[in-house]
Amino acid sequence: MDAADAHETDAPRMPDDLGAAVDTLARFIHRAPLTEAIAAMEHDLHGADAAHAVRAADTGGVDAGLLAAALTMRESLGRINDLIHASGILLALPHVLEEGETIARRPSLGAGNDPGRPYDLETDRRVAEFKLARWRGADAMRKRQVFKDLAMLAADRSGRRADLFVIGPEPARFLRTSATTAAWALDRAPGALRTFESVFGSTALRVREFTATHTAHVRIVDLCDVLPEAVTRLLR
């Protein structure tokens, strides 16, 4: 066996399907939580030269097979947020819908709304939005999204009730206490911004002021009180 053959024999096996990619990533994550593993490699690379970089990758368990597995997972599960969103709504519906309440329009189960379906859920009695993200501290985009949904629910003039389903207490705390302006919260959502201005007026209004004055008919509901315990254990 020559050197080239030995190199090929020792090379990491590239995952050729989703199952193999999952196994590869599971073995890596089993070594240490991902955040800790990356932080350890960052520290190990400080002051490193090329030779030490090779050793750092080996010590960290990083090889071409791991990268190929991560790329395979990203390609295969790129819309995993849509699956989380859809599954969360479907599992919540039996606990949300009242006796005799029916879904009036095809729901928007994927993450995000299309123009023809402005709300995740519309029934003969309510409109509702679902936010399945768990807040972790650096949540500027989540803050914008949850305020946009609150504002659009408050803008509904159909006479139906409105529910904003969220994960944990942080979204409600933000909406009820934040001194941030509606202009900041809606600056990435031009359509929602136009609706806000036409219905509520100036976007100089602070988030907490808007919540206190315009959203009396909108309930903010923690999905941890609705979803099955097997799920809520992962969300708390």
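Let's start with L164. L164 touches E129, V146, D149, L150, L153, L175, V218, R219, I220 and V221, leaving out residues up to four places away in sequence. Touching, or contact, means heavy atoms within 4.5 Å.

A word on the source. This is a predicted model, where local features need pLDDT of at least 70 and side-chain atom pairs count only at pLDDT 80 or more, while totals for chains, interfaces and linings use all residues. Residues are numbered from 1 along each chain as its sequence is written, and side-chain values use heavy atoms, without hydrogens and water.

Now the core. A nonpolar core is a set of buried Ala, Val, Leu, Ile, Met, Phe, Trp, Tyr and Cys residues joined through side-chain atoms within 4.5 Å. Buried means under 20% relative accessible area (1.4 Å probe, protein chains only). The largest core has 28 residues, and F147, L164, L175, F196 and F210 touch the most other members. Its largest share, eight residues, comes from α7. Helices here are DSSP runs (H or I, at least four residues), numbered from the N terminus.

Next, the rings. Phe, Tyr and Trp rings (the six-membered one for Trp) pair if their centres lie within 6.5 Å; planes under 30 degrees apart are stacked, over 60 edge-to-face, the rest tilted. The structure holds seven aromatic pairs. How far apart are the ring centres of F147 and F210? They are 5.3 Å apart with planes at 65°, so this pair is edge-to-face. F147 sits in helix α7 and F210 in helix α11, 63 residues apart. F147 counts as buried, at 0% relative accessibility. Ring pairs link F147, F196, F200 and F210 into a cluster.

Conventions
Buried means under 20% relative accessible area, exposed over 50%, partly exposed in between (1.4 Å probe, protein chains only). Helices (H or I, at least four residues) and strands (E, at least two) are DSSP runs, numbered from the N terminus.
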